[in-house]
Amino acid sequence: MTVVTDPFAAAPQLMKQWMGLSLAAQDSLEKSLIELVKLRASIVNGCANCINMHSIEARAAGETEQRLHLLAAWQEAPVYTPRERAALAWTDALTRLSAGHTQQAAKEGLEAHFTAEEQVKLTLMINVINGWNRLAVGFDLWYDMPATKAA
């Protein structure tokens, strides 16, 4: 049996600060956009805990089943706004840095739909969710979330 390390118990002060940054980042842009970004990065990273958590949170915030299901293939799905598409492209580019630095095209799309301040806020949110994905995957974390019924 593998012992699961609880980051909040192991490093409470640092995790409290990390949580503060996380909350500030997620409240810095529109909730629907942030939920899509958190879920998309978690899909790319294969973090089951975060996919579960963020799909439930997005659904509770009013996201549609169609848009949640199509997020895995967002590039081909016409259900996202140009601003959301720019954010999702930026999320993919930054989450997949190890696949090669291909963020230039995504950056151009980002600049067309986000102010400089919003670009920084979005980039911080992408960094935060990638960090959470690594904590959850690295420490085999699973937090049960109460499921919501599909509409």
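Predicted model: local features only at pLDDT ≥ 70, side-chain atom pairs only at ≥ 80, totals over all residues.
Reader: Now helix 8. How do you know whether Asn130 is buried or exposed?

Author: Again by its relative accessible area, which is 9% for Asn130. Buried is under 20%, so Asn130 counts as buried. Asn130 belongs to helix 8, and a polar atom of its side chain is 2.8 Å from the backbone oxygen of Ile126. Not counting residues up to four places away in sequence, Asn130 touches Ala41, Asn45 and Thr95.

Reader: And why is Ala136 called buried?

Author: Ala136, also in helix 8, has a relative accessible area of 6%. With buried set at under 20%, Ala136 is therefore buried. Beyond its neighbours within four places in sequence, Ala136 is in contact with Cys47, Asn49, Cys50 and Leu141.

Reader: Could we have a contrast? Why does Ala112 count as exposed?

Author: Ala112 sits in helix 7 and has 58% relative accessibility. As for its position, the C-alpha atoms of Ala112 and Ala86 are separated by 8.3 Å, although the two are 26 residues apart along the chain.

Reader: What makes a set of residues such as the largest one a nonpolar core?

Author: The members are buried residues of the listed nonpolar kinds, joined through side-chain atoms within 4.5 Å. The largest core here has 22 residues, and those touching the most other members are Ala87, Trp90, Phe114, Leu122, Met125, Ile126 and Trp132. Two or more residues each come from helix 2, helix 3, helix 6, helix 7 and helix 8. Helix 8 gives the most, with seven residues. A second, separate core has nine residues, including Ala58, Leu68, Leu71 and Trp74.

Reader: Which residues is Trp90 in contact with, leaving aside its neighbours within four places in sequence?

Author: The partners are Gln103, Ala106, Lys107, Leu110, Leu122, Thr123 and Ile126. Contact here means heavy atoms within 4.5 Å.

Reader: Last stop, the largest pocket. How do you know which residues line the largest pocket?

Author: A lining residue has an atom within 4 Å of a pocket point. The largest pocket has a volume of about 290 Å³. It is lined by 19 residues, and the closest to its centre are Met19, Ser22, Met53, His54 and Trp132. Helix 2, helix 4 and helix 8 each give two or more residues to the lining, with six from helix 8, the most of any.

Reader: How do the residues of that lining divide into nonpolar, polar and charged?

Author: The lining has 13 nonpolar residues, four polar and two charged.

Terms used: Residues numbered from 1 in each chain as written. Heavy atoms only, no water. Buried < 20%, exposed > 50% of the residue type's maximum accessible area, 1.4 Å probe, protein only. Helix = DSSP H or I, 4+ residues; strand = E, 2+ residues; numbered from the N terminus. 1 Å grid on protein atoms, 1.4 Å probe; cavity = no way out; pocket = protein on both sides within 12 Å on 5 of 7 lines; lining within 4 Å. Points joined across faces, edges and corners; volume = space filled by probe spheres on them. Nonpolar A, V, L, I, M, F, W, Y, C, P; charged D, E, K, R; others polar. Polar contact = N/O pair within 3.5 Å; in protein donor to acceptor, adjacent residues only side chain to side chain.
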